[in-house]
Structures are given as structure tokens and as C-alpha cells.
Amino acid sequence: MKKCRAVIVGHSHYDHACDAPFFAKKTGATFLGSSSSLHLTNAAKLDLIQTKNTDQMTSPFILGDQKISFIKSLHGPALFGKIPYPGEIDKDLFPPIAASKYRAGGTSIVEINSRETTIWHIGSAGYLSKTLKNKKCDILLLTVVGIQNIDDYIESLVLKTNAKVVIPIHFDNMFTALGNKTTLMPFFKIKKVIAKLEMTGRKVIIPKALAPLKF
Ligand SMILES: [Zn+2]
């Protein structure tokens with residue numbers, strides 16, 4: 001197993017957080033997550049030295065010459081027009097447990113600033129306009145499944161960030177077992193979304209892991 005320095009979780013839904021503490025344990029990484037996400041760390045026997053509560057961080061987490069910050073965000077109404085599993089996780093969870101127990105908790109955009117380059121990871125199909133005022137990024141990893149309207153999203157988020165590169169993420173089927181072949185999220189028009197992103201003139205890069213999918 002390769003060395004990993006930080007495992008970063010932007011919200012505590014099952015598809016983002018359920019195995020993250022175990023991965024941190026296995027690699028010796030620091031686990032950075034919200035108060036809700038930290039309720040998942042006892043099952044992996046992570047101690048306080050190995051965890052950072054991102055709801056309470058007042059300054060960036062420094063990792064070599066990289067600064068990791070958390071911009072308060074929102075979860076989008078990604079499931080039939082509603083936020084899936086809202087609320088907090090208020091007690092320690094020990095898997096296996098139902099997906100519905102993984103409440104969203106505090107939701108953040110993860111900002112990684114490395115020398116001259118700023119990268120944002122938006123994993124929640126949502127954002128909070130007031131926390132993005134005067135903020136810019138160069139590279140945007142953008143969850144696309146669950147966004148309500150790609151035109152609005154481009155207009156009010158993608159263009160305002162000034163990102164030169166957009167990497168669409170989170171459009172693989174997350175409702176299937178890990179051992180199964182990776183497939184596209186059913187009923188999601190990824191081709192249309194990519195075409196709209198390309199129309200902005202930004203460089204659109206499909207992540208390597210998702211590139212073999214036919215769309
Ligand atoms: Zn989510």
C-alpha cells in the first residue's frame with residue numbers, strides 16, 4: 001500500500017465517507033472531516049492525533065507546501081429534488097449499517113492550494129454563494145450528477161470560479177457493489193453535461209478511472 005498523508009472528506013454521505021477512516025488507518029494518513037464524519041472514525045480505531053475536525057478548523061491544514069482549507073458549502077437537492085439524508089450523525093457508527101444512517105453533516109468545498117495553483121473539489125452538487133465571494137480556483141473537480149440545471153450551475157458557479165480546467169466527477173453508478181464493473185449513473189445525461197461544460201471554453205478533462213466508460 002502506497003503512503004498517503006491525508007484522507008479528506010467533504011461531507012459524510014456513505015458514498016464519500018463510509019470507508020474513508022479505514023483507508024486512513026491503513027495508510028497512516030490524517031483524516032479530515034466534519035463532526036459527523038468523525039463519528040465514523042472510532043470504528044477504524046483512529047485516535048485524535050490522526051483526525052481533524054473540519055467544522056472547527058480556523059486555519060488551513062498544512063501538508064508540505066500545500067494548504068488545505070474548507071469552504072462552507074451546501075448539499076444539492078440531488079435525489080428527486082431533495083437533499084438526500086440531511087442532518088448530522090450524532091453518535092459513533094460501526095458498519096455495516098444502512099446508507100440512510102450516513103447523514104450529510106457539515107458540507108464543504110475542499111480547497112487545495114499548492115504554490116501558484118488552487119484546486120477545488122466540490123463533491124456535493126451544491127454550493128453557498130455567500131462563501132464564494134471573491135474566491136477563485138484554477139482547477140475545478142466538479143460533481144455533476146445531482147445538479148439540478150447545468151446551465152444555472154455553469155453560470156453561477158463554473159464561470160465565477162475562473163477555473164481554467166474543469167474535471168467532471170461523480171457520474172459513475174454508486175448504487176452497485178464494489179466488485180462490479182464501473183458503469184455510468186443510470187438516467188444521467190453525462191454527454192450533454194460535458195458538451196455544455198466544453199462550450200464555456202474551459203479545458204474539460206475526464207478522470208482516467210471514468211474515461212473507459214462509453215458515453
Ligand atoms: Zn452526498
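In what order do the three strands of the open sheet with parallel pairing stand? They line up as 1-2-3, where strands are DSSP E runs of at least two residues and helices are H or I runs of at least four, both numbered from the N terminus. Strands count as paired if DSSP finds at least two bridges between them. Strand 1 and strand 3 (51–53) sit at the edges with a single partner strand each, so one side of each has no neighbour in the sheet. From one strand to the next, the twist averages 20 degrees; angles run from 0 to 180 degrees between N-to-C directions, with axes as lines fitted to C-alpha atoms, for helices over the stretch in contact. Strand 1 and strand 2 run parallel and are joined by three bridges; alanine 6 has threonine 30 in strand 2 as its bridge partner.

A word on the model itself. It is predicted, so local features need pLDDT of at least 70 and side-chain atom pairs count only at pLDDT 80 or more, while totals for chains, interfaces and linings use all residues. Residue numbers start from 1 along each chain as its sequence is written.

Overall, the chain has five helices and 10 strands. Its radius of gyration is 17 Å, close to the 17 Å that the globule rule gives for 215 residues, so the chain is as compact as a globular protein of that length; the radius is taken over C-alpha atoms, and the rule is 2.2 Å times the number of residues to the power 0.38. The C-alpha trace spans about 45 × 40 × 35 Å along its principal axes. Of the contacts with a separation of 6 or more, 60% come from residues 24 or more positions apart, a contact being two C-beta atoms, placed from the backbone, within 7 Å.

In helix 2 (residues 20–27), Ala20, Pro21 and Ala24 are buried. Down the helix axis, these buried residues fall within an arc of 100 degrees, so they line one face of helix 2; the arc is that of the directions from the helix axis to the C-beta atoms. They pack against strand 1 (6–8), helix 1 (14–17) and strand 2 (30–33). Glycine 28 follows helix 2, with a positive phi near 75 degrees.

The other open sheet has seven strands in the order 4-5-6-7-8-9-10, with mixed pairing. Its edges are strand 4 (61–63) and strand 10 (203–204), each pairing on one side only. Serine 114 is bridged to threonine 117, and glutamate 111 to tryptophan 120. Strand 7 also runs parallel to strand 8 (residues 139–143), through four bridges.

Tryptophan 120 turns up again in the largest nonpolar core, where Val110, Trp120 and Leu140 touch the most other members out of 40 residues. Such a core is a set of buried Ala, Val, Leu, Ile, Met, Phe, Trp, Tyr and Cys residues joined through C-beta atoms within 7 Å. Strand 8 gives the most to this core, with four residues.

Conventions
Buried ≥ 20, exposed ≤ 12 C-beta atoms within 10 Å, placed from the backbone.
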